[in-house]
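Subject: Structure for your files

Hello,

Please find the structure below, with its sequence. My notes come after it.

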Amino acid sequence: MQKHKNIPFFIPHSGCKNNCVFCSQTKITGYCLPESDMISEAHRLRNVVEESLQYLNGGEAQIAFFGGSFTGIEPERMVLLLQTAYEYVKDGKVCGVRLSTRPDYIDDSILDILESYGVTDIELGLQSTDEAVLKAAGRGHDRDVCFRSAEQIVKRGFRLGGQMMIGLPESNLAKEVRTAKDIVDMGAVCARIYPTVVFEGTKLYDMAMEGSYTPLTNDEAVIRSVECLSVFRKSNVEILRIGLHASDELARAPFGANHPAMGELVYGEEAYRNIASHIGQRDTYDKTLKVYVPPRLVSACAGVNGRNKERLIANYGFKAVKIYKNEDVSELKVIIEAEE
Ligand code: SF4
């Protein structure tokens, strides 16, 4: 569950000289950065921050540069954006700056710049730590680069975030779980899991059309994501997001994990498994299941559109399933009562 608030500033595809097979940054972020001058971009950043601060408690918010590869943009432009953001850090209006970038766009001189402008968190778009997957996805760097840049980030005292994808070409569940474990071992404090969506106009779309790539179904995406989620949970790595934000473009994506509530589906699956583990081998047929959960888990336990309730009835033969909010239960813990 996300504890901090972001003031996002998107830099779609800017600074990136690559063309990953799945990438459709303009579609993901919904707009395309014009060839504008740096001053007006910094001005736009100021507007975004000022507007957000009207309804956010800035002391708990971070300015977040997302989209594209922030540390790959022209250095003067990057510095101007950082200077603009840093004004708000120095004034105590925000608590820091975070950004996402590629592993191969990190070195000590870049980290020097980031450090001097109040950057606290660096998220690496790792996607996978498997050599064959990185190659098939057209990432343009090998797995050693992932580990090296993560090590530099952690050594310098930045908080590391790891972003990974599910269902890339040449990937499978074992490789994805391995990637999640690698992200933990790198020292990441937070992670994002993105099941692959196939957008029109991408290389992946062509691969899917010609049959050299089989897109994930939503169900596969959920099952594979929940296994990675479990790896992160065990190591207390905060999950910032699962799945892309809902958008018209996402809804129009022809293949892959394009469900608008992918995260909720995954958390629902996690909750279902938790409830199932508490039921164990008990006699359930024609009984009522009462599940007591902390407030934050009520909707996950019920599942998207009540699907967990339906599954519990179908799979266990319960007469009814009732989910109760219980303020006294603080951890991920389920209490079950079965009655005649
Ligand atoms: S590195 Fe990021 S922005 Fe660049 S092509 Fe790949 S996914 Fe797109």
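This is a predicted model: local features need pLDDT of at least 70, side-chain atom pairs count only at pLDDT 80 or more; totals for chains, interfaces and linings use all residues.

On the H2 side the contact is formed by Met38, Ile39, Glu41, Ala42, Leu45, Arg46, Val49, Glu50 and Leu53. H3 contributes Glu76, Arg77, Leu80, Leu81, Thr84, Ala85, Glu87 and Tyr88. Sorted by class, the contact of H2 with H3 comprises 10 nonpolar, 1 polar and 6 charged residues.

The second pair is H11 (residues 262–279) with H13 (residues 307–316), whose axes come within 10 Å and cross at roughly 35°. The crossing of H11 and H13 is right-handed. From H11, the residues involved are Leu265, Gly268, Glu269, Ala271, Tyr272, Ile275, Ala276 and Ile279. They meet Arg307, Asn308, Arg311, Leu312, Asn315 and Tyr316 of H13. By class, the contact of H11 with H13 has 8 nonpolar, 3 polar and 3 charged residues.

Nonpolar cores

In soluble globular proteins, nonpolar side chains tend to be buried together. In this model the largest nonpolar core has 62 residues. Those with the most contacts inside that core are Phe65, Phe70, Leu82, Leu114, Ile122 and Phe232. What does Leu82 touch, leaving aside its neighbours within four places in sequence? Leu82 is in contact with Phe65, Phe70, Val97, Ile113, Leu114, Tyr117 and Val119. There is also a second, separate core of 16 residues, which includes Leu289, Val291, Leu297 and Ala300.

Gly125

Gly125 lies in strand E4, residues 119–127. Is Gly125 buried or exposed? Its relative accessible area is 5%, and buried means under 20%, so Gly125 is buried. Apart from neighbours within four places in sequence, Gly125 is in contact with Thr101, Pro103, Arg139 and Gln163. Asp104 and Gly125 are 21 residues apart in sequence, and their C-alpha atoms are 9.9 Å apart in space.

Regards

Terms used. Residues are numbered from 1 along each chain as its sequence is written. Side-chain values use heavy atoms; hydrogens and water are left out. Contact means heavy atoms within 4.5 Å. Helices (H or I, at least four residues) and strands (E, at least two) are DSSP runs, numbered from the N terminus. Ala, Val, Leu, Ile, Met, Phe, Trp, Tyr, Cys and Pro count as nonpolar, Asp, Glu, Lys and Arg as charged, and the others, Gly among them, as polar. Axes are lines fitted to C-alpha atoms, for helices over the stretch in contact, and angles run from 0 to 180 degrees between N-to-C directions. A crossing is left-handed if the near helix is turned anticlockwise from the far one by less than a right angle, and right-handed if clockwise. A nonpolar core is a set of buried Ala, Val, Leu, Ile, Met, Phe, Trp, Tyr and Cys residues joined through side-chain atoms within 4.5 Å. Buried means under 20% relative accessible area, exposed over 50%, partly exposed in between (1.4 Å probe, protein chains only).
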